[in-house]
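This report goes through one protein model, from its overall fold to two individual residues.

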Amino acid sequence: MTSPPFSLANPYQGLAQIDGCAQFDGATLWIEFQTRDSLVGWLKGDVARVPFDIDDLDAVDLKHGPFRSHLHLVLQSQTQASEVPGSRGAEVRLRFGRAHRDEVNAFYEVLAAALVAADLA
């Protein structure tokens, strides 16, 4: 399974940049990211790895723009989403560059299929 790289939009009012990768192993969606300052880029935080079980997801949606793709995750709990910087309520939005569009499409298809299968079970 691919691990497409993402960024988070405007975290901490633009004072930080957050980059990471998303991984899905069939049962758990892993969001792995690192925060660094956007002024100089020298100050880096530790790498964080946040797991979300497939049962924690309510919905997943993918939108393509001319320059970026956005994967929109809706979780069952705001508490779960709050572990990812920039989340709003129970929603997390990951931004992917255009160069990774094929990877993101494949990732979304696998994730959406697993969500449907989990809902049917």
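## Basis of the model

This is a predicted model, in which local features need pLDDT of at least 70 and side-chain atom pairs count only at pLDDT 80 or more, while totals for chains, interfaces and linings use all residues. Residues are numbered from 1 along each chain as its sequence is written, and side-chain values use heavy atoms, with hydrogens and water left out.

## Overall architecture

The protein contains 7 strands and 2 helices. Their order from the N terminus is β-β-β-β-β-β-α-β-α. Both kinds of element are DSSP runs numbered from the N terminus: helices are H or I with at least four residues, strands E with at least two.

The radius of gyration of the protein is 14 Å, which agrees with the value near 14 Å for a compact globule of 121 residues. This radius is taken over C-alpha atoms, and the globule rule is 2.2 Å times the number of residues to the power 0.38. The C-alpha trace spans about 50 × 30 × 20 Å along its principal axes. Among contacts (heavy atoms within 4.5 Å) with a separation of 6 or more, 44% join residues 24 or more positions apart.

Of the 121 residues, 35% count as buried; buried means under 20% relative accessible area, exposed over 50%, and partly exposed in between, with a 1.4 Å probe and protein chains only. The accessible surface is about 7,000 Å², and carbon and sulfur atoms hold 51% of this area. Areas come from the Shrake-Rupley method with a 1.4 Å probe; for residues, only the protein chains shown count as cover.

## Thr28

Thr28 lies in strand 3 (residues 28-37) and counts as buried because its relative accessibility is 11%. Beyond four places in sequence, Thr28 touches Gln23, Pro51, Phe52 and Asp53. With Asp53 there is also a side-chain to side-chain polar contact at 3.4 Å. A polar contact is a pair of N or O atoms within 3.5 Å; within protein, one must be able to donate a hydrogen and the other to accept it, and residues adjacent in sequence count only if both atoms are side-chain atoms.

## Ala59

Ala59 belongs to strand 5 (residues 57-64) and, at 33% relative accessibility, counts as partly exposed. Leaving aside neighbours within four places in sequence, Ala59 contacts His72, Leu73, Val74 and Leu115.
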